[in-house]
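Dear colleague,

Please read the notes with the structure open beside them.

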Amino acid sequence: MTQLNRRTFVHSSLAAGAALSLGVRAQAAPNDKIGMAVIGAGGRGGSHIEAWLNDPRTEIRYIVDVDEKKGNDRCRQIEQKQGKRPELVKDMRQVLDSKSIDAISTATPNHWHALCGVWAMQAGKDAYIEKPISHNINEGAALVAAAKKYARMCQVGTQCRSHAAIRDAMKFLAEGGIGEVKFARGLCYKRRKSIGAKGDYPVPEAVDFNLWSGPAQYTDPKVTRKQFHYDWHWQRLYGNGDLGNQGPHQTDIARWGLGINTHPQSIISYGGRLGYQAERKDPAYVDAGDTANTEVSIYDYGDKCIVFETRGLDVNNSDDAELNRLFGSDSGNKIGVIFYGSEGYLAQTSYAQCTVFDRDFNKVKEFNGGGDHFGNFLDACQSRDAKSLHADAWEGHLSAGISHLGNISYYLNEANTASVEDIAAVLKDVKSLDDNGATLERTVKHLQRSQVDLGKYPLSLGKLLKFDPQAETFTNSPEGNEMLTRNYRDGFVCPDSHGV
Ligand SMILES: NC(=O)c1ccc[n+]([C@@H]2O[C@H](COP(=O)([O-])OP(=O)(O)OC[C@H]3O[C@@H](n4cnc5c(N)ncnc54)[C@H](O)[C@@H]3O)[C@@H](O)[C@H]2O)c1
């Protein structure tokens, strides 16, 4: 169905003569460079472009962006470095049948990732897809199936997978470097200010909003956020909050270090979008975002456990002595993973650094160094060895899945606001290798430091979900199962794993 849509589109647009130059280009003899199309040329797309420009194996032949201005700026930048200007198109379907393209890399907003990847692989292209690889669980499964069915290289943009520091540290963990490790805590303590008041804002003139919306609901050319680009991260129609934005880097490392190769069996989250009334000094203020900026998610994997903490407010952690020892500072953003072993701790404190501590928090070892994740993708495109990919679709699916499952628990019960005491009482019975009470206490302290009046703006306690990791369905929540996919718009339907 999807392939049909894509093909129907290409044929009709060719017939209309709209893509005449594309037709000519598609006949061009491929040379020995890997022909790239970069799809989504915003902030992160710029990093993709830089990587391809710096690798002599590639030539950027197309830029796809629904924002003509951004696309043109990127084309100019590429022409200066590459000596050849890529062609700019707005609709990715126009480039997918081009023989001059061997691979795509995509840095569109999250709601487009999976459909773009599925279409690309159906068209025989390899695909580098930004994290989170999907906007929902079924999309991740579809990408895994498509990569297998069409024998394509599919790399997800969790670049830490290629960084020497993280690779060496994960090996050290697997070899028992800090003893037995069953519990990891992922942190996204990253200040996120309000994105502005909810309202009706025009879509920028240069943007084709129908194409931008794609698989998501079309909101009749207006949006409710002031800044069109980037801030979609905090609107659930398109983004996945910070649990699904920064989160997939850390959930991926946590899962990797614990040696977990499946989904969790049960999940519960609590949190809210809090603190912006105090930030704006207006008790009636309504921020345009609708994802949690404060969220704790507990994932039970049977004998192992991951807890992920998202904090978007105050990042002064001066009262958290343990954390400050592990991260070496008592203020500022803290983004990373802490592994708790029987003989010590391992803290991933940046994209290219991990530190090992003994049980008394004495530093005993450090791992440093980055790597070339884009290069690893190109190596695999050339060797055709999917096993050589450092972050294939399956890894991307599991790690993005952690965010999706945590968010579903929260979304399902968003209206279920509760007192801290009531949440503590429920968490007492939630199976976890964490001290659930202590984590809640720290979260509450953080909110109080940010002047959140929890009496007036309480936390929501999510639903305790039971998940069947093989069937990829909840066993105790029909409403939750509906959130494993979305209602797609005609022409932008991401097939499920059986339909790719
Ligand atoms: N791996 C990393 O470290 C990393 C870092 C930053 C962002 N990201 C990911 O990259 C993605 C993009 O983030 P960003 O900050 O660049 O967002 P952005 O909003 O600044 O840029 C997105 C771009 O995609 C374009 N776009 C939207 N729909 C499109 C479509 N259908 N076809 C072609 N272009 C389309 C937009 O016009 C815009 O130029 C996100 O999914 C984000 O999670 C990854």
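To begin with the ligand, one of its oxygen atoms is 3.5 Å from a polar backbone atom of G42, a polar contact being a pair of N or O atoms within 3.5 Å (within protein, one must be able to donate a hydrogen and the other to accept it, and residues adjacent in sequence count only if both atoms are side-chain atoms). A polar backbone atom of K131 is 2.9 Å from an oxygen atom of the ligand, and a polar side-chain atom of H113 also lies 2.9 Å from a ligand oxygen. Of the 850 Å² of accessible area that the ligand has on its own, the protein covers 92% (Shrake-Rupley method, 1.4 Å probe; for residues, only the protein chains shown count as cover).

Please bear in mind that this is a predicted model, in which local features need pLDDT of at least 70 and side-chain atom pairs count only at pLDDT 80 or more, while totals for chains, interfaces and linings use all residues. Residues are numbered from 1 along each chain as its sequence is written, and side-chain values use heavy atoms, with hydrogens and water left out.

The ligand is surrounded by 29 residues, the closest being R44, D65, N110, Q159 and W232, where near means that a heavy atom of the residue lies within 4 Å. Domain 1 (2–159) and domain 2 (162–370 + 393–482) both give residues to this shell, so the ligand lies between them; the domain bounds come from an automatic or database domain assignment. Among the helices (DSSP runs of H or I, at least four residues, numbered from the N terminus), α6 gives the most to the shell, with 3 residues.

In the backbone, a cis peptide bond joins K131 and P132, with omega about -15°, and P132 is found in the loop between β5 (126–129) and α7 (137–149) (strands are DSSP runs of E, at least two residues).

With best wishes
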